[in-house]
Amino acid sequence: MQHKTQLALSFLLSQVLLLAFAEDLECIPGFQQKVFYVEQPSEFTEDQPVLNLVFDDCQGNNKLNFEVSNPDFKVESDGSLVVLKNVSEAGRALFVHARTEHAEDMAEILIVGANEKHGALKEIFKMEGNLGIPRQKRAILATPILIPENQRPPFPRPVGKVISSERTEGAKFRLSGKGVDQDPKGIFRINEISGEVSVTRALDREAIANYELEVEVTDLSGKIIDGPVRLDISVIDQNDNRPMFREGPYVGHVMEGSPTGTTVMRMTAFDADDSSTDNALLRYNILKQTPTKPSPNMFYIDPEKGDIVTVVSPVLLDRETMETPKYELVIEAKDMGGLDVGLTGTATATILIDDKNDHPPEFTKKEFQATVKEGVTGVIVNLTVGDRDDPVTGAWRAVYTIINGNPGQSFEIHTNPQTNEGMLSVVKPLDYEISAFHTLLIKVENEDPLIPDIAYGPSSTATVQITVEDVNEGPVFHPNPMTVTKQENISIGSVVLTVNATDPDTLQHQTIRYSVYKDPAGWLEINPTNGTVGTTATLDRESPYVHNNVYTALFLAIDSGNPPATGTGTLHITLEDVNDNTPFLYPTLAKVCDDAKDLRVVVLGASDKDLHPNTDPFKFELSKQSGPDKLWRITKLNNTHAQVILLQNLKKANYNIPISVTDSGKPPLTNNTELKLQVCSCKKSKMDCSATDALHISMTLILLSLFSLFCKSFPEL
């Protein structure tokens with residue numbers, strides 16, 4: 001504001017200087033003085049003349065019309081600015097717009113205090129050039145120019161004049177700077193002879209508010225003979241920008257029952273006009289509220305700050321009694337301090353009334369009924385509740401608890417997240433014979449605590465009566481599974497054990513019959529009346545149906561109900577080993593070269609399907625050899641292996657070596673086996689035998705025998 005005051009006062013001084021330098025200036029359309037200052041009185045009184053404005057369109061001022069930015073002032077047809085009513089505060093500036101058929105212009109009236117006025121005059125005479133009036137002697141007078149923005153054609157339009165007191169013949173004015181020969185170029189130009197400054201198009205203060213140009217005087221050759229002198233051009237703001245809400249969407253929340261005057265949110269608009277003028281002085285107002293119930297005025301907006309607050313009592317701010325918990329307010333922002341001449345912008349504010357837990361959940365009835373068959377689990381009944389609070393919030397979501405009647409923890413209750421119902425389930429099968437009826441007491445609460453003034457009442461508890469229906473249950477084996485130990489090879493018809501099954505339906509007098517359900521080897525039978533299990537074949541521990549010495553069979557117990565019910569029992573028979581398997585030798589084929597130097601023919605291994613002590617250590621022996629000379633011998637290597645050694649080289653032929661192997665069982669069992677020995681011719685590391693396949697097999701068996709011998713000899717490895 002101080003800068004504007006200085007501009008105005010310097011303009012007044014320039015008018016005096018203009019008269020001194022130029023007595024015969026041509027007419028320039030517009031206000032003859034564009035900036036005025038008025039000292040702020042204690043009050044502007046009605047009909048008080050403030051000052052006189054002179055407007056001349058240089059063509060008779062036909063249809064002259066004045067408009068004032070403040071509706072408390074007006075300009076008479078003779079140019080007198082008068083007050084329409086008593087005004088104690090008129091703001092810091094007034095703008096007067098004048099228009100005729102041929103011209104229009106804007107004048108600014110600055111309202112300043114006495115100290116500002118005195119100080120501004122002193123500053124003007126102290127300046128050294130920033131307003132175009134240098135302390136040193138200058139022949140160029142370039143007074144500041146004020147131009148309203150958004151002027152209408154025709155263009156170019158004269159806006160001011162530069163004067164030189166010492167111009168020589170042929171001297172020319174030259175204008176330069178931003179807006180002339182610098183971007184944006186061509187906005188201003190100067191008449192080289194008269195010094196008249198013109199604007200070539202409408203200006204936009206929001207784009208550029210001030211232009212700093214330089215004026216020089218040159219001779220015919222272009223040499224500067226005076227200057228440069230600064231020429232300031234200021235663009236006067238017009239109210240050409242509507243307020244804008246740029247930060248939307250605007251959403252506010254307020255808790256139901258909040259005290260009157262609770263701040264909900266703040267709405268702030270932006271105006272691109274000059275913030276130091278009323279053109280950007282905004283006032284806020286609520287244009288519309290939707291819905292209008294329970295009150296058409298639920299909220300108030302601070303006209304200056306834009307704060308939206310509640311204005312109804314907490315009782316009316318009850319979410320559960322409202323038509324909807326969402327309100328929409330159309331907010332208007334108006335510039336010019338809210339006067340009728342101001343421009344407006346609108347936005348919608350959405351206000352949500354947030355729920356608080358002021359309503360406890362209540363069961364829809366005091367007693368619920370449920371029926372369930374014994375032995376069945378799952379949901380048996382859904383308990384329904386009502387809650388007036390906001391769904392899907394902690395103030396609405398229900399939490400159920402069984403507070404009585406569930407000592408065995410046979411029941412559980414969970415909340416259905418979609419319906420908020422309590423799903424009562426049987427988690428441990430019920431027994432009709434133990435109890436045919438159950439009574440549960442259940443309470444319901446919210447996830448969120450109730451507000452202090454609200455408590456859970458009798459409607460927040462309910463009783464559930466549960467009736468258990470009897471069903472025909474299958475007999476139960478005792479024990480299950482059943483275990484017994486028997487020797488294999490017991491005689492056919494031997495008794496293994498007697499099974500025992502009882503009917504849990506004690507109130508129903510039913511009989512039980514038994515049958516074989518699964519007997520993989522077909523070894524067993526069961527007496528259908530008394531449950532005695534006997535053998536129908538020899539039990540064999542070495543059978544593929546026996547796993548880890550245990551044979552498993554399943555039996556059925558069937559009651560006489562209608563329809564009959566069945567129970568299944570499992571029998572595990574652990575079979576003890578009997579020495580009923582003779583040992584066997586491997587390999588049974590060996591090959592050797594007829595000229596071999598190493599006469600150790602083969603390593604033999606022995607194995608037995610029985611268990612220790614009916615297996616090793618094995619005894620290896622050669623049967624009686626035919627002929628006068630002994631051709632081979634057998635030597636025991638360990639408990640399971642022996643080695644056959646030739647006593648001399650033999651001719652190429654096939655030989656059969658009778659060998660017996662005996663286990664350690666009581667009584668022991670012996671197996672007599674013939675080892676087939678092929679004596680082959682060997683040349684250049686090639687063995688010539690009657691069958692190459694036999695070579696492959698015998699070599700493989702020899703390797704297996706050597707590996708087994710190695711393991712038996714060094715068990716610690």
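The chain contains three helices and 52 strands. The model is a predicted one. Of the 717 residues in the chain, 44% are buried. Among contacts with a separation of 6 or more, 67% are between residues 24 or more positions apart.

**Strand pairing**

- Strand S27 covers residues 367-373 and has side chains that alternate between two faces.
- S27 pairs with S34 in the parallel sense, and the pairing comprises seven bridges. Within this pair, Glu367 is placed opposite Thr463 of S34.
- Strands S31 (residues 411-415) and S32 (residues 422-426) run antiparallel and are joined by five bridges. Thr415 faces Gly422 of S32 across this pair.
- The hairpin of S31 and S32 has six residues between the strands, and one of its residues, Asn420, adopts a positive phi near 70°.

**Cavity and pocket**

- One cavity of 30 Å³ or more is present in the structure. The space in the largest cavity is about 30 Å³.
- Ser69, Ala93, Phe95, Thr277, Asp278, Asn279 and Met336 line the largest cavity. By class, this lining consists of three nonpolar residues, three polar residues and one charged residue.
- The second largest pocket holds about 490 Å³ of space. Its lining comprises 23 residues, and those nearest the centre are Glu67, His97, Met106, Gln238 and Asn239.
- Strands S5 (65-68), S8 (93-99) and S9 (104-112) are the elements that each give two or more residues to the lining of the second largest pocket. The greatest contribution comes from S8, with four residues.
- The lining of the second largest pocket is made up of eight nonpolar, seven polar and eight charged residues.

- Asp448 is located in the loop between strand S33 (437-446) and strand S34 (461-469).
- The relative accessible area of Asp448 is 35%, so this residue is classed as partly exposed.
- Although Asp448 and Gly394 are 54 residues apart along the chain, their C-alpha atoms are separated by 5.0 Å.
- Beyond its neighbours within four places in sequence, Asp448 contacts Asn357, Gly394, Ala395 and Tyr456.
- A polar atom of the Asp448 side chain lies 3.4 Å from the backbone nitrogen of Ala395.

**Asn671: a buried strand residue**

- Asn671 belongs to strand S51, which spans residues 670-683.
- Asn671 counts as buried because its relative accessible area is 19%, under the 20% limit for that class.
- A polar atom of the Asn671 side chain lies 2.7 Å from the backbone oxygen of Pro583.
- With residues up to four places away in sequence left out, Asn671 touches Thr582, Pro583, Phe584, Ile659, Ser660 and Val661.

**Backbone geometry**

- Most peptide bonds are trans, and most residues other than glycine have a negative phi.
- Tyr586 and Pro587 are joined by a cis peptide bond with omega of about -5°. Pro587 is situated in the loop between strand S44 (584-586) and strand S45 (589-593).
- His612 and Pro613 are likewise joined by a cis peptide bond, with omega of about 15°. Pro613 falls in the loop between strand S46 (600-607) and strand S47 (619-622).
- Lys63 is not a glycine, yet its phi is positive, at about 60°. Lys63 sits in the loop between strand S4 (55-56) and S5, and its relative accessibility of 62% places it in the exposed class.
- Asn549, also a residue other than glycine, has a positive phi near 70°. Asn549 occupies the loop between strand S41 (532-535) and strand S42 (550-559), and is partly exposed at a relative accessible area of 26%.

How values were computed
Residues numbered from 1 in each chain as written. Predicted model: local features only at pLDDT ≥ 70, side-chain atom pairs only at ≥ 80, totals over all residues. Heavy atoms only, no water. Pairing = 2+ DSSP bridges. 1 Å grid on protein atoms, 1.4 Å probe; cavity = no way out; pocket = protein on both sides within 12 Å on 5 of 7 lines; lining within 4 Å. Points joined across faces, edges and corners; volume = space filled by probe spheres on them. Nonpolar A, V, L, I, M, F, W, Y, C, P; charged D, E, K, R; others polar. Buried < 20%, exposed > 50% of the residue type's maximum accessible area, 1.4 Å probe, protein only. Contact = heavy atoms within 4.5 Å. Polar contact = N/O pair within 3.5 Å; in protein donor to acceptor, adjacent residues only side chain to side chain.
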